[in-house]
Structure formats: C-alpha cells, structure tokens
Amino acid sequence: MADATLGGSTEAISATELAEIGLRCEVDGEIATITLDRPERRNAQTFATWSALARIGESLPGQVRVVVIRGEGPSFSAGIDLRMFTPEGVPGQGSFGTVARLDDAAFEQAVAEAQRGFLWLRRPDIVSIAAVQGHAIGAGFQLALSCDLRVVAEDVKFCMKEPALGLVPDLTGTKPLVDIVGVSRAIEICLTARTVGAEEAYRLGLAELVVPGEELPAAVRDLAAALLATNRDAATATKRLLRAAPGRTLEEQAAAERAEQALRIRALFASS
Ligand code: ACO
C-alpha cells in the first residue's frame, strides 16, 4: 500500500499528523482505507478526528473510487471522546463547557466544521463503505450512516446514544437514518438510545451485508472489487441520480435521468 500522505487538490495531511489524531489512511490504487486507530479508547472521536476526516476527503487522490472506513480493535467507534464532558476536556480541543460559551456564529462554525468530516462521504465520485464490528455508538453510528454502504460483523452494536446524554445527533446521521428506517423507527431507536444488533440492522436496511467478524475484511474487499468493475463515469452519474432521487418528484427524476444519459451516450458514442 502507498504511504498515507495524500496528494489531492488541497493541502495534504501527513501520516504522522494522522497518527497523532488516531487515524490512518492508506491508498491502494482506486481504494482508500481510512482506519480509526485508537483501539485503546475504542476509537473515540474528537474535533481533531472530524477536521482530519474532512482534510482526507479534500486531498484524496483523483484515482480513488472506493473509500473504506474501518476501526482498529474490538469496536468500530465508541463515539465522541467522553473527556469532552469533563471540565478539562480533550487537550488542545476544549470541552463541551468551552463550546457552550461560544457565541451563535462561532458555535455554528464549530459544528459545521465537524460535519464536514462526515458530509464528503456522500460525494458521487466515490462509494464509501463502513466496515463495522462491535460498538458503533453516537458519532460512531453517525460515521457509519454517512457512508453509502455498511458491511457489518455479526457482533455489531449500533446505538444513537446522544439523547441519553442530553444531546442531539448532529454529525449528519439523522437524515440517512430516517431515509433508511423511516421517521417512526428512527424516533424509537434514537429516543430509547437502544442497541441495534446485526440481524435487525440487516432487516432495517442499516447493513447491506452481515458476516462473521473474521470475514469482514474479505467481504469489504470483494464488495470494493465488484464496485470497481463498473464504468467509473457511469457509476458517478448513477450515484448522483440515486442520491438526489428522494428529494425529487418522479418527473424531476425522469428529467435528471435524461440529462445524465445525454452526457453518457454522447461521451460513449460521440466519435462513432
Ligand atoms: N471516550 C473516551 N474513552 C473511551 C470511550 C469514549 N467514548 N469509550 C471507551 N473509552 C475508553 C474507556 O474509558 C477505557 O479506558 P481505560 O482502559 O483507560 O479504562 C477503554 O476505552 C476501553 O473501554 P471499556 O469500556 O473498558 O471497553 P468495553 O469493550 O468493555 O466497552 C463500550 C466498550 C461499550 C464502547 C464502552 O467503552 C462505552 O460505553 N463507551 C462510551 C460510549 C459513549 O457513551 N459514547 C458517547 C456517545 S454520544 C456521541 O458520540 C456524540
């Protein structure tokens, strides 16, 4: 695998910098694998994690088509670093106490910056896959929800814990959750902060595939290979269509299909 220093359109982020934050990023041809790499803290996330994720997205090499997000150790991610709830907070990053004292504009900016780490995973030019084992709690669940696809181990435990801690889920997870399971089930899952296991996750559409834990890497590799077997530009255009479909009427979507197909067919057959 290539060095983790990325070289896309914006500033690169070094492997050393990522390691300090508890992340790794390896690019192997058309696949980038981002690893939450703080297993001793169950891959708890901080504001630095989210800024780094955003920078990874901005600096991905152009050839990357599949982005895999995985967690080292027994858990995908135990959510936000609980030190945020303490007066001391996370060294260099403050605490919820400091965030609470921000004025409206600064608060808005801080949360928007955190959300940038999650939003890019929906980009049409990539397919993002969350490989999830063990706990995916709060920010961990939302990170998995931000991906296009979720491949989960049989021991997966999704939990939207924020309401139990007095917070709302604000890391862009509420929309995919509602889009996938519907408003009523989303209310029930979030407001009870209960755990959703593998069988239920599969039944609800929160997981595309459930496999034994030891088979998770191979299952993700197989899925990535299948995704890479399709035409790159057609895949991008199709994802753009599918992502936009829920917000459009049938007529609008049909028009969007025509527009995308015009581009495709002209690109494929212009010279023949
Ligand atoms: N933040 C900081 N440290 C954490 C976190 C976290 N979110 N989760 C676990 N750790 C640390 C533990 O303190 C422990 O450290 P220690 O070895 O120094 O005692 C270590 O990681 C291992 O954790 P255990 O609890 O011993 O591991 P276990 O596998 O038994 O349990 C579990 C895992 C269920 C994830 C548990 O750690 C847990 O409940 N964590 C907190 C989950 C949480 O409430 N997250 C916030 C959600 S809300 C949001 O994300 C916005």
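Helices (H or I, at least four residues) are DSSP runs, as are strands (E, at least two), and they are numbered from the N terminus. Axes are lines fitted to C-alpha atoms, for helices over the stretch in contact, and angles run from 0 to 180 degrees between N-to-C directions.

The model is predicted, with local features needing pLDDT of at least 70 and side-chain atom pairs pLDDT 80 or more, while totals for chains, interfaces and linings use all residues. Residues are numbered from 1 along each chain as its sequence is written, and side-chain values use heavy atoms, leaving out hydrogens and water.

**Exercise 1.** Describe how helix 2 and helix 4 pack.

Step 1: Find helix 2 at residues 47-58 and helix 4 at residues 104-119; their axes are 7 Å apart, at an angle of about 50 degrees.

Step 2: Name the arrangement. Angles under 35 degrees count as roughly parallel, over 145 as roughly antiparallel, 65 to 115 as roughly perpendicular and the rest as oblique. Helix 2 and helix 4 are therefore oblique.

Step 3: Look at the contact (heavy atoms within 4.5 Å). Helix 2 brings F47, W50, S51, L53, A54 and E58, and helix 4 brings A110, E113, A114, R116, G117 and F118.

Step 4: Sort these residues. Ala, Val, Leu, Ile, Met, Phe, Trp, Tyr, Cys and Pro count as nonpolar, Asp, Glu, Lys and Arg as charged, and the others, Gly among them, as polar.

**Exercise 2.** Which words describe the way helix 10 and helix 11 are placed relative to each other?

Step 1: Helix 10 (residues 232-244) packs on helix 11 (residues 250-269) at about 170 degrees, with the axes 10 Å apart.

Step 2: The two helices are therefore roughly antiparallel.

Step 3: On helix 10 the contact uses D233, A234, A237, R240, L241 and A244, and on helix 11 Q253, A256, E257, E260 and R264. Sorting this contact gives 5 nonpolar, 1 polar and 5 charged residues.
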